[in-house]
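Good morning, and thank you for coming.

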Amino acid sequence: MLILAATPIGNPADASSRLRDLLATADVVAAEDTRRLRRLATDLDVRISGRVVSYFEGNEARRTPELVADLEAGRTVLLVTDAGMPSVSDPGYRLVAAAVEAGLDVTTAPGPSAALAALAVSGLPVDRFTFEGFLPRKTGERYRALAALADEPRTMVFFESPHRTHETLEAMAAALGRDRRGAVCRELTKTYEEVRRGTLEELLVWARPGEEERVRGEITIVVEGASPRSYDEETLRAMVADRERSGLSRKDAIAEVARETGVRRRAVFELVHH
């Protein structure tokens with residue numbers, strides 16, 4: 001069986017008793033950084049009895065077949081990353097996909113997650129959200145990725161490195177609006193944990209160049225979604241008519257317009273028929 005186990009994102013005390021048991025009993029432990037794994041095991045007072053192998057971006061393609069072979073031989077393979085849940089902006093997806101393709105069992109030992117922790121403390125709506133991970137490093141690509149999210153109504157969660165935080169906030173302010181609310185969460189669960197909330201304009205001032213000591217450690221940025229657009233009656237009728245002309249039935253056209261605009265389906269129906 002392949003087991004994806006979440007590791008503490010900062011505070012070792014957040015490790016579950018199940019993680020301790022798995023580290024002690026797994027036949028193979030695949031770790032993003034074996035040195036950090038050893039450090040974690042020391043913090044948890046756990047002796048790893050199984051074979052320890054590295055599994056990171058640089059060797060995923062080569063090591064995945066080896067780990068699948070271990071699974072097919074009946075061994076328990078435990079996959080851990082430096083912090084949080086494997087596969088979430090960390091190694092793991094290739095191995096999971098290969099195990100599933102081979103018809104092998106895959107499960108998880110859930111636990112800490114920087115994305116969910118930041119979302120929970122951000123003070124922004126959490127009923128619907130989207131995880132966007134790391135944005136592109138190049139300025140133009142980063143702006144285009146954010147511009148594509150300008151009308152996203154859900155709260156958005158991003159990972160970022162400390163030295164690019166100001167540039168990313170600048171791109172967010174330009175693409176999403178300087179008054180859009182956000183939160184920069186750094187060093188979550190650690191001694192110097194900080195959550196800075198405000199508009200993107202205010203966060204830009206906080207993270208401006210020359211204030212490097214303010215932006216250190218692991219960074220998660222949470223940004224509120226776009227406010228719902230208002231649609232007048234004629235626009236809604238025209239949108240339904242346009243979809244009918246493209247071949248949709250009236251029922252399906254009304255449903256699609258309702259999904260796209262956030263207007264209740266019954267309200268769109270009544271506009272079209274009355």
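This is a predicted model: local features need pLDDT of at least 70, side-chain atom pairs count only at pLDDT 80 or more; totals for chains, interfaces and linings use all residues.

Where in the chain is Thr 130 placed? Thr 130 belongs to strand S6, which covers residues 129-134. Its side chain makes a polar contact with the side chain of Glu 132, at 2.9 Å. If we set aside the neighbours within four places in sequence, Thr 130 is in contact with Glu 152, Arg 154, Thr 155, Met 156 and Val 157.

The protein has 11 helices and 10 strands. Its C-alpha trace spans about 70 × 50 × 35 Å along the principal axes.

Helix H3 consists of residues 60-72 and helix H4 of residues 93-101; the two pack at an angle of about 40°, with their axes 9 Å apart. Are H3 and H4 parallel or oblique to each other? They are oblique, because an angle under 35 degrees would be needed to count as roughly parallel. The crossing of H3 and H4 is right-handed. From H3, the residues that take part are Glu 60, Ala 61, Thr 64, Leu 67, Val 68 and Leu 71, and they meet Arg 94, Leu 95, Ala 98 and Ala 99 of H4. By class, the residues of this contact are 7 nonpolar, 1 polar and 2 charged.

The second pair is H6 and H7. The axes of helix H6, residues 139-147, and helix H7, residues 165-176, come within 9 Å and cross at roughly 45°. That angle makes H6 oblique to H7. The crossing of H6 and H7 is right-handed. On the H6 side the contact is made by Arg 142, Tyr 143, Leu 146 and Ala 147, and on the H7 side by Glu 167, Thr 168, Ala 171, Met 172, Ala 174, Ala 175 and Leu 176. Which classes do the residues of the contact of H6 with H7 fall into? They divide into 8 nonpolar, 1 polar and 2 charged.

Finally, I ask you to look at two loops. Ser 87 lies in the loop between strand S4, residues 77-80, and H4. The phi of Ser 87 is near 85°, a positive value in a residue other than glycine. With a relative accessible area of 31%, Ser 87 is partly exposed. Thr 189 is found in the loop that runs between strand S8, residues 181-186, and strand S9, residues 194-199. Although Thr 189 is not a glycine, its phi is positive, at about 70°. Is Thr 189 buried or partly exposed? Thr 189 counts as partly exposed, because its relative accessibility is 27% and buried means under 20%.

That concludes my presentation, and I thank you for your attention.

Definitions and conventions: Residues are numbered from 1 along each chain as its sequence is written. Side-chain values use heavy atoms; hydrogens and water are left out. Helices (H or I, at least four residues) and strands (E, at least two) are DSSP runs, numbered from the N terminus. A polar contact is a pair of N or O atoms within 3.5 Å; within protein, one must be able to donate a hydrogen and the other to accept it, and residues adjacent in sequence count only if both atoms are side-chain atoms. Contact means heavy atoms within 4.5 Å. Axes are lines fitted to C-alpha atoms, for helices over the stretch in contact, and angles run from 0 to 180 degrees between N-to-C directions. Angles under 35 degrees count as roughly parallel, over 145 as roughly antiparallel, 65 to 115 as roughly perpendicular and the rest as oblique. A crossing is left-handed if the near helix is turned anticlockwise from the far one by less than a right angle, and right-handed if clockwise. Ala, Val, Leu, Ile, Met, Phe, Trp, Tyr, Cys and Pro count as nonpolar, Asp, Glu, Lys and Arg as charged, and the others, Gly among them, as polar. Buried means under 20% relative accessible area, exposed over 50%, partly exposed in between (1.4 Å probe, protein chains only).
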